[in-house]
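Subject: Structure for you to look at

Hello,

Here is the structure we talked about. Please open it first, then read the notes below with it on screen.

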Amino acid sequence: MKKYAIGATPPALDPQVFRWLEDVETATVGHFRHWGFMDASIQPLNHQRRIIGRAITVALPGQDSTLLHHALSLLAPGDIVIVDRLGDRKHACWGGGVTQGAVAAGAAGAVVDGMCTDPSEIAASGLPVWCRGISPITTRIYDIGGMLNMPVSCGGVVVNPGDVILADENGVLVLPPGEVEEVAQAALQKQARQAANAEKIGRGERLGDLSGASAHVARAQ
């Protein structure tokens with residue numbers, strides 16, 4: 001059996017995907033959709049950036065980052081690297097050097113289901129990264145194996161190569177390309193209602209009246 005499983009590079013995203021999602025917040029989608037969200041312990045690393053892009057998936061075992069270094073040479077501008085650490089919570093596969101390679105390739109960002117290192121260097125680079133935490137113990141080029149552009153698990157979510165990633169200060173959302181339009185339209189409609197309610201609250205109306213919560217309580221009395 002081959003130690004590296006390499007899938008085909010996924011097709012580029014339709015530019016319309018970016019137009020649909022450019023004003024959508026993950027927290028808005030979280031009001032009506034209950035799947036596709038990565039575990040809340042995967043957090044933005046020292047930034048409040050927001051990114052949209054094509055998922056390039058990598059699975060790395062334990063101490064080995066061989067395939068991640070290789071994958072960076074295959075990125076297209078705007079790609080988001082999704083790293084499945086296969087349960088490892090000790091070794092940081094992403095640090096200053098990997099960040100430099102990702103920036104040179106034009107990556108939009110990275111999501112690591114595990115540890116990172118060199119947080120100050122990563123922040124200084126301007127590359128937005130989401131991860132579980134910081135570790136000083138790093139991976140190395142051990143040539144153990146891994147998967148590239150194959151289905152992976154990241155933050156409890158199955159991510160397929162070519163899926164659409166929407167990540168912001170609230171978390172990371174994974175969407176199949178065919179579901180983006182429906183999700184975006186529902187989110188934008190909800191955000192418009194939220195904006196209208198904010199204006200009403202500013203004029204003195206009560207949130208409980210606007211949401212219907214007060215009516216529910218009154219009926220129960």
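Start at Gly96, which counts as buried because its relative accessible area is 10%, under the 20% cut-off. Please keep in mind that this is a predicted model. Gly96 sits in helix H4, which runs over residues 96–105. Leaving out neighbours within four places in sequence, the residues that Gly96 contacts are Thr117, Asp118 and Glu121.

Why look there? A UniProt annotation reading "binding site", from an unreviewed entry, covers Gly95, Gly96, Gly97 and Val98.

Val98 belongs to helix H4 as well. Is Val98 buried or exposed? Val98 is buried, since its relative accessible area is 9% and the limit for buried is under 20%. Its contacts, not counting residues up to four places away in sequence, are Leu68, His69, Leu72 and Cys93.

Next, Pro119. This residue is in helix H5, residues 119–125. Pro119 has a relative accessibility of 24% and therefore counts as partly exposed, a class that lies between the 20% and 50% limits. Once residues up to four places away in sequence are set aside, Pro119 touches Leu45, Asn46 and Ile134.

Now the domains. The protein is divided into domain 1, residues 4–177, and domain 2, residues 185–219. How far apart are the centres of domain 1 and domain 2? Taken over C-alpha atoms, the centres are separated by 35 Å.

The two domains do touch: eight residues of domain 1 are in contact with six residues of domain 2. The size of an interface is often given as the accessible area lost when the parts come together. Here domain 1 and domain 2 bury about 570 Å² between them, and 69% of that is on carbon and sulfur atoms. On the domain 1 side, Thr28, His31 and Phe32 lose the most area to domain 2, together 60% of what that side buries.

What about polar contacts and salt bridges? Three residue pairs are in polar contact between domain 1 and domain 2, with both residues at pLDDT 80 or more. The number of salt bridges found across this interface is zero.

If you want an order for viewing, begin with the annotated residues Gly95, Gly96, Gly97 and Val98, then go to Pro119 in helix H5, and finish with Thr28, His31 and Phe32 in domain 1.

Regards

Key: Residues are numbered from 1 along each chain as its sequence is written. This is a predicted model: local features need pLDDT of at least 70, side-chain atom pairs count only at pLDDT 80 or more; totals for chains, interfaces and linings use all residues. Side-chain values use heavy atoms; hydrogens and water are left out. UniProt positions are given in the numbering used here, feature names are shortened, and annotations may be inferred rather than shown by experiment. Helices (H or I, at least four residues) and strands (E, at least two) are DSSP runs, numbered from the N terminus. Buried means under 20% relative accessible area, exposed over 50%, partly exposed in between (1.4 Å probe, protein chains only). Contact means heavy atoms within 4.5 Å. Domain bounds come from an automatic or database domain assignment. Buried area is the accessible area (1.4 Å probe) that two parts lose on being put together, summed over both. A salt bridge is a side-chain nitrogen of Lys or Arg within 4 Å of a carboxyl oxygen of Asp or Glu. A polar contact is a pair of N or O atoms within 3.5 Å; within protein, one must be able to donate a hydrogen and the other to accept it, and residues adjacent in sequence count only if both atoms are side-chain atoms.
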